[in-house]
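Here's a quick walk through some local features of this model. Have the sequence and the structure open as you read.

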Amino acid sequence: MTGGGGKKTKRRLEQLPLEILESIMTWLDVASICSLACTCKTLESCASNVLTFLDKFHFPDHIAPTIELLERLLPLNPNLRSLKVDCEELDCSNVDLIIKPSLQEICLRNCFRFDGMLLYKIGNQCKDLRSLYVASVADRRGMKILVTDLEEILNNCTQLEELVLMISLSEFGPQLSTKIWAPASDKLTSLEIGSIDSWAVVETLNSNVGQEGSSSNVSCIKKLRLSVDLISDALIAAISNALISLTDLDLRDAPYSQPIIDYDLANSGLQQIDQIDYDLTNAGLRTLNCNGELRRLSIVRIPKYRNSSFMGVNDAGLIFLAEKCKKLESICLGGFTHITDVGFERLFCSCPKLYKFRVFAGNSKFTGQAFRDLSTSSLSLTHVSLRKCSSLTNIAIVNLVEKSDLQILDLRRCERIGNTALRAIGSLSKLKVLLLDDTNITDKGLSFLRGRVISSLVSLSVRGCKQLTGKGISNLFEGLSKLELQRLDMSDIPELTDDGVLSFAKCHSPITVLRIGGSSLITDISIEALAHSDLQLLDLYHCGGITELASQWFEKPYFPKLKSLCFSGSIGADLAINRQKLYVGWCGCEQRSSALNLSGNLDSIDFSDFGTKDEEYLLF
């Protein structure tokens, strides 16, 4: 800028009106505001003022703030409406700091240092609360949640629309009576409970439709997600009869042994889903739901110690379900080992709006023949997961690809899938996620992914594909640039070499998660090649060729965004001490992944939202 005397002058940041700076900062998240505050005194002052009237305080997911930090960032603010915090470093004495009467949306993770008083305070102070998510409350020994703590929320939060309690309500036993849910908000449309006994659910729902003058408002629920001890006919019937507005149903159980069929989910129970005849009053008035509004359905059984499945359900049960749920858009079935291609073929014919299809937990009778007639239907699948379907064939995938517009394809532990399937997959131009763990593919099959597929992929996993080599990985990435790949799993491939890692590193993709553990041929060369990347998680477990000299590449400024390192040996121990805020794991996939909540267990099931979070669930 030129002044009156012809001299150029510079306008300093301090000369801008503070109102303008503060207005700009209100568009930023909390982490960005804190970063700006560190740059100069002017922005520090603006940040301090902005935090007094900011309506949304969402702390980054990967950071658990201390009480000292929160005291600075959470001043008195009557305008605060939304709070999202990881409470790992907080305890009961900090309740008054985080719970404000003005809050309408609360999300608190890792609350294991809090007891039930946290729930009581929320119910007592946040009368205008619309959405509540709390996880791991009273997980530590000696801490308890009282029924009165839950009652305080249900009695006082009359505007509550969404309630997510990722805690165990099973320990309440008979105390968890139907009266507790009676005062629930009539606006409550979404309910999720981390653990609850199925009898308590049945009793509550049956009383809602079976007694005259029942005051419970649970019938308004449209989205229900429960983890119960046992999915049974009685549970399915109670849900179908009581929740007449239900559009989303997600049920999972994990029995210790095979349940008795009389009490398990049999074909008669599946017929109750989206039921059109149900009791509304004691007078016997029956209401008919002619069309059925169920859009998204997930029923999954995960055996804990012994193999257990829904042995009482076969093709007839799935056919009954398909005929009554013609508006289904998404279905996830786990543990249905007696359903064959006949049942799935009828499902595809009866549900033309279906675009998300997932089958889990070892369905050995599903070969994929149900896909052969997709070309003659209006069905267009975009999200398909066929994990651990041991009888699935290459021809089935060819048929699936010909008609589908796939964006997500999960074929983990489908041992019969090989190069023929990959040749067909190579024609998919919109594929974002491809998971091929423990399949029978070779270097030649991997080469079919060059071109359309590799350019569009966000997530790729070839974990445990023993026939792959470093040469095949190198040929896949050689000469490519501008990739969108963010997560790559090449672990447990014995012949993976530095050449494969180097060719990938040269692509300069926005990678955040990389797993290359389990190969003795990986050396310090790979670590040096990755040192300038933005990786957040790096898995080097059992990479026997890495020496102590590689530790220099884990010192700052290298790996600037690294938060989780999976390593074996003394190097990992030294890094855990010398580099603060870096999680270092030594003992297997499950523990290695905990820092970023990224499951490495091939059989794990993440019950993410049916909608926008499906991709997050599949990005291992």
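## A helix pair

The axes of H18 (residues 470-477) and H19 (residues 498-505) come within 7 Å and cross at roughly 15 degrees. Those axes are lines fitted to C-alpha atoms over the stretch in contact, with angles from 0 to 180 degrees between N-to-C directions. Helices here are DSSP runs of H or I with at least four residues, strands are E runs of at least two, and both are numbered from the N terminus.

The H18/H19 crossing is left-handed, that is, the near helix is turned anticlockwise from the far one by less than a right angle. On the H18 side, Gly470, Ile473, Ser474 and Phe477 meet Asp499, Gly500, Ser503 and Phe504 of H19, with contact meaning heavy atoms within 4.5 Å.

## What the model is

This is a predicted model, where local features need pLDDT of at least 70 and side-chain atom pairs count only at pLDDT 80 or more, while totals for chains, interfaces and linings use all residues. Residues are numbered from 1 along each chain as its sequence is written, and side-chain values use heavy atoms, leaving out hydrogens and water.

## Phenylalanines

Phe344, Phe348, Phe357, Phe366 and Phe371 form one aromatic cluster. Rings of Phe, Tyr and Trp (its six-membered ring) pair if their centres lie within 6.5 Å; planes under 30 degrees apart are stacked, over 60 edge-to-face and the rest tilted. That rule gives twelve aromatic pairs. One of them is Phe357 with Phe366, edge-to-face because the planes sit at 75 degrees, with ring centres 6.3 Å apart. Phe357 is buried at 0% relative accessible area (buried is under 20%, exposed over 50%, partly exposed in between, using a 1.4 Å probe and protein chains only). Phe366 is buried too, at 0%.

Phe336 sits in the loop between strand S12 (330-334) and helix H13 (341-350), and is buried at 4%. Its C-alpha is 5.3 Å from that of Phe310, 26 residues apart along the chain. As for Phe310, the charged end of Arg301 sits over its ring, 4.0 Å from the centre (the cut-offs are NZ of Lys or CZ of Arg within 6 Å of the ring centre and within 35 degrees of the ring normal).

Lys556 to Pro557 is a cis peptide bond, with omega near 15 degrees. Asn110, not a glycine, has a positive phi of about 55 degrees and is partly exposed at 27%.
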